[in-house]
Amino acid sequence: MPEIAARPYAYSFEPTTTALVVIDMQRDFIERGGFGEALGNDVSRLAAIVPTVRDLLAWARAHRLRVVHTREGHRPDLADCPPAKRLRGRPSLRIGDAGPMGRVLVDGQPGNDIVPVLAPRAGETVIVKPGKGAFYATKLDVLLRSQRITHLILAGVTTEVCVQTTMREANDRGYDCLLVEDATASYFPEFKQATLAMVHAQGGIVGWTAPFAAVRASLP
Ligand code: C5J
């Protein structure tokens, strides 16, 4: 069985039962003028991982791993966006408001699209999720189980919010999860580092982490 040189120890996986899950690499978080910037963040930190995520996708496709993309997106009527989410803070744009890339975090709007270079291909799964975790209020678990997926390799943004939440949800559901260290980013570098440490502390309490080079080396 292939092995990835990971922290806290080697991660074994079978390509036929492993999916790459790319979290929320959407324009709203990564491009200027979107929700990420409206919250006061420097989006260049997130844009910096796009080439690595592109290479990770190419690796997964070449080795026929299943590929899942997620987008954080709400219904146009915002019925799936509770006030506890919409009304927090004092951003210049709230979820559902019209911005330079259409309505913020609304499914079907230009800003909700995945950045073009990482666009899903035919046959890949796209999960539109109203929460931070990709398992909450979606069919992700059913889809993965019907495809006999037991292992998840995760990438995307932001490390400590939607990526970490998804990884914890997945681990509680019995999936063995590995987070690709240089294919995930946060607006706060210290939060990213803390999240990586939290994942692989205590013998891998949430899962494993490894750089993309180690992932690629496991299946040349
Ligand atoms: C956030 C995400 N940060 N994809 N979403 O609100 O992490």
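Helix H7 gives the most to the lining of the largest pocket, with three residues. Helices here are DSSP runs of H or I with at least four residues, strands are E runs of at least two, and both are numbered from the N terminus. The model is predicted: local features need pLDDT of at least 70, side-chain atom pairs count only at pLDDT 80 or more, and totals for chains, interfaces and linings use all residues. Residues are numbered from 1 along each chain as its sequence is written, and side-chain values use heavy atoms, with hydrogens and water left out.

A pocket is an open set of points on a 1 Å grid over the protein atoms alone, where a 1.4 Å probe fits, with protein on both sides within 12 Å along at least five of seven lines; lining residues have an atom within 4 Å of a point. The largest pocket is lined by 21 residues, and Phe29, Leu39, Arg88, Val161 and Tyr187 lie nearest its centre.

The sheet is open, with six strands in the order E7-E4-E3-E8-E9-E10 and parallel pairing, where two strands pair if DSSP finds at least two bridges between them. E7 (125–129) and E10 (208–210) stand at the edges with a single partner strand each, so one side of each has no neighbour in the sheet. E4 (residues 66–72) pairs with E7 over five bridges; arginine 71 has valine 128 of E7 as its bridge partner.

Helix H8 (residues 189–204) lies across E9 and E10, at about 165° to E9. Such angles run from 0 to 180 degrees between N-to-C directions, with axes fitted to C-alpha atoms, for helices over the stretch in contact, meaning heavy atoms within 4.5 Å.
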